[in-house]
Structure formats: structure tokens, C-alpha cells
Amino acid sequence: MKHIGQDTKENIVQRFAEYVNPGKAETFKAYDMQFVFGRRDGPYVWDALSGKRLINCHCNGGVFNLGHRNPKIIQALKDSLDELDIGNHHLVSEQRALLAEKLARLMPGDIDCTVFGVGGGEAVDLAIKLARGYTGKFKVISALGGYHGHTGFALATGDEQYRAPFGPNLPGFVQVPFNNIDVLRQAMDDKTAAVIFETIPATLGMPVPHPDYYRQVQEICRRRGALLIIDEVQTGLGRTGKLWGIEHYDAVPDVIVIGKGLSGGIYPMSATCFRREYMEFFRQNPFIHVSTYGGAEVGCPVAAAVLDESSRPEFLTHVNDLAGVFKDGFAELLKKHPRILVGLRQLGLMMGIEMVNDDCGPLMTKACYERGLLAFYANNDKRVCQLLPPLIIDKPVAAEIIEGIDLALKDTADFLGLK
Ligand SMILES: Cc1ncc(COP(=O)(O)O)c(C=O)c1O
């Protein structure tokens, strides 16, 4: 077996460019960010060749909430491999049933039923299929600048820049500005099957909505007979300091979609969880949706271990303590960097560093990289650099991250000549 880092950097990049994606290889070359994941452990990743170490503050949007190669998650997979494999997606499955039961206990309200998928986009597609199938209606409303994946219906909810090369959008999809209840009210009608939002839209730079927003959204949905689908792919599993981000709001959606972190960074798994009354659609159409690997049995105990860990009260307390460290840290940074820093958008450890203009996000990404942090700007609001550290870091690592950001903010402001 060939292990990581046995080749030269040039060969790895060249092979990637030739067989995977030349455009990506060129982009990262242009930024001098040809980082190749090598050793990884907890919050850290090392370049396979140079040994450069980064603290992972991107976490693939939450995949590494529990850090890299978390020992409990690795153990769950090892145990699982002793007995299980993919299983059969048509038949009754003990593993999927157990995992769905665990989710039912942890989900808000009567969100008791689950269909499993592999990735977030697939799970969003299923949520929209369910809303349309159950209501017999067509229209789906999403947020401008929101992001739910690059698969069929998920792509159709997103911004034009991601859809344009593939022809006209599917009919029935409408986008509205996020966190604006009046515009949503106007856009809703009796043909609306669903409203779908990320609790806090990550690709839009983590705008935290008004405390009453989701209560009002839910009320409009109920009145119009539309399902409220909440995408917790990034905000779920403790990221915001509660198990589900939507628990910060006075609303229980009809459908919650989760993914990313449910994998434990080890075995892909996503889930579309919905209120019991919508199960009627699957009772009448039991074979309407198929995913060969969705809820693969070998991955179910891994996801169960993620849920056990992420729902522990001490774990959530830890996330909230860390959130306080970042809040205080940024209060200081705000005093130090008024020429570039506008503020920290924050709910728990769902954080976006808001800066003064669109050049700041991309340059901050590079500056963070040079200062030992992996963090990417928000593609749909380039003023913002996303900040998603693993939830398992300790306070010294949090301090190290804040120190790195301090330096990176200075580098970026200097580079831009901000006064
Ligand atoms: C909020 C949100 N929803 C859905 C998705 C799609 O997930 P996947 O890439 O696993 O299809 C993403 C991916 O970044 C996401 O951030």
C-alpha cells in the first residue's frame, strides 16, 4: 500500500492536474497554496511533503467538527468493519433503523422519521421531493446567496453562477433575500410546496438572522400549507452551541437536513429527517426514492457515535465556552484593526469574519494560510472569511487561532493599503 507523501510535490500536483482538475491545480498554484493533506490529527493537518502545519478552521464546513481522526469515531468504524458492510438498500435494515431511532430522540418536536443519503445535496434533493410529493405543489423558495449543494434540486435552489453553464433552471424555483420576512411573505402563495433555508447561510458569510425570523417563516409556511425545510448541514451537530442551530429560534421546521459532520470525517452519511405526518408519502410510495449507499450499514454505527458525542451536555458546554473565547478575542481585535475588521458574525462556533470590502475575503484566506490557519472566504459574500474551527479544540488552540487571525488581519490590511 502506498502511503501519503511518498512522491514529490510536483508529481502529486501534476498528476492531480492531469487526471482530476487542472483548473483547481492552477488556481492553488497561483495563490502558492499547493497544500496536500498529509498527516492529520485533531485540529491539525500537515502538508504531505513540506510538513507545514495548519489548524483546520475550515473543517470542510463541519465534516471535522470532532477533529481529524477522532479516536472514538475511528474505533466505531473499526468495530463496524468487523461485522458489517454496505448492506442492501431495498431490504429492512437493523442498522438504519437504530440510527433513525437515535435521530428521532435527538431531533426537535415530532421530527421522528429519516431517509438516509450519502451527501448533503442528495439529502436536500430528497427533502424537496418529499415537499413536492406530499403537497402536490411545485414552487420552492430559497435564499439568494444560499447554498444547498450541487445536485439536481439542490442546485436549482442556488445562485445562477453555479447553474448558468447547465441551461435554464428547473421551473418553480424562486430566490428571495435572506432574513427579510416581508419579501418572503410576498413571494409565498398557495402553490408553494416548500421554503428552504440554511439556519445560518454559510456561503453567504454567516449572516445570523433576526431572533424572530424563523418563528415568522414557520407561521407563513403553515398558513400557506408549505413545508419549512431547514438545512443544518453546516449548523447542525453542535456547531452553534446547541445540537441543532434551529433550536436557537422559536420554530420547529417540517424537515431538517444534515450531512457533513454526521460522517465523523470518516464515513459519508447524510440524512433527511421529517415530521411524522409526512411519512404518509413514503407509506404510499415505499420505493419512490432509492440510494444504494444512503445509510450504508457500515457507516451507521459511525454516525451513531458522532451523535452520542455531539449531544453530550458537556460537549455543548465546551462549544459555548469556546464561543466566549472567540467573542472576547474579537472584541480586542476590533479595537486593534478598525481599518479592516467590521465584526464577527457568530452563533457559537459558526463564525464569519466580516471585513470592509470584497478583496478582503480572498486575501485573508491567503494571509491565514501563511499564518498557519486553513480558512476560506465565503464565496457569496467575499467580504467575509469563514471561521469554523473543530469543536474539540482546547482554549490554548483557540488562543493560537485568534493570534493567527490578528496577524493575518494586519497582513491583509497592509497589503490592501487600508488606512
Ligand atoms: C449548507 C449546505 N447544504 C448542503 C451542502 C451540500 O453537501 P454535499 O457537498 O455533501 O452534497 C453543503 C455543502 O457545502 C452545505 O454547506
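A crossing of two helices is left-handed if the near helix is turned anticlockwise from the far one by less than a right angle, and right-handed if clockwise. By that rule, α4 and α11 cross in a left-handed manner. The structure is a predicted model, in which local features need pLDDT of at least 70 and side-chain atom pairs count only at pLDDT 80 or more, while totals for chains, interfaces and linings use all residues. Residues are numbered from 1 along each chain as its sequence is written, and side-chain values use heavy atoms, with hydrogens and water left out. Helices (H or I, at least four residues) and strands (E, at least two) are DSSP runs, numbered from the N terminus.

**Helix packing**

- Two packed helices are described by the angle between their axes and the distance between the axes. Axes are lines fitted to C-alpha atoms, for helices over the stretch in contact, and angles run from 0 to 180 degrees between N-to-C directions.
- The axes of α4 and helix α11 (residues 300-310) come within 9 Å and cross at roughly 20 degrees. This makes α4 roughly parallel to α11 (angles under 35 degrees count as roughly parallel, over 145 as roughly antiparallel, 65 to 115 as roughly perpendicular and the rest as oblique).
- The contact (heavy atoms within 4.5 Å) joins Q95, R96, L99, K102, L103 and L106 of α4 to C300, P301, A303, A304, L307 and D308 of α11. By class, these residues are eight nonpolar, one polar and three charged (Ala, Val, Leu, Ile, Met, Phe, Trp, Tyr, Cys and Pro count as nonpolar, Asp, Glu, Lys and Arg as charged, and the others, Gly among them, as polar).
- Helix α12 (residues 313-336) packs against helix α14 (residues 395-416) at an angle of about 25 degrees, with axes 10 Å apart. α12 is therefore roughly parallel to α14, and their crossing is right-handed.
- On the α12 side, the contact includes L322, V325, F326 and F330, and on the α14 side it includes I401, I402, I405 and L409. The contact of α12 with α14 has ten nonpolar, one polar and four charged residues.
- Helix α13 (residues 360-370) and α14 have axes that come within 9 Å and cross at roughly 130 degrees. α13 is therefore oblique to α14, and the crossing is right-handed.
- C360, L363, M364, A367 and C368 of α13 meet I405, A408, L409, D411, T412, F415 and L416 of α14. Ten of these residues are nonpolar, one is polar and one is charged.

**Pockets**

- On a 1 Å grid over the protein atoms alone, a pocket is an open set of points where a 1.4 Å probe fits, with protein on both sides within 12 Å along at least five of seven lines; lining residues have an atom within 4 Å of a point.
- The largest pocket has a volume of about 1300 Å³ (the space filled by probe spheres set on the points, which are joined across faces, edges and corners). Its lining has 37 residues, and K24, F28, H58, N60 and F376 lie nearest the centre.
- α2 gives the most to this lining, with four residues. The lining of the largest pocket divides into 17 nonpolar, 16 polar and four charged residues.
- The second largest pocket has a volume of about 780 Å³. Of its 26 lining residues, H89, L91, R96, T114 and V115 are the closest to its centre.
- α4 (94-106), β4 (111-117) and α10 (279-284) each give two or more residues to the lining of the second largest pocket, and β4 gives the most, with five.
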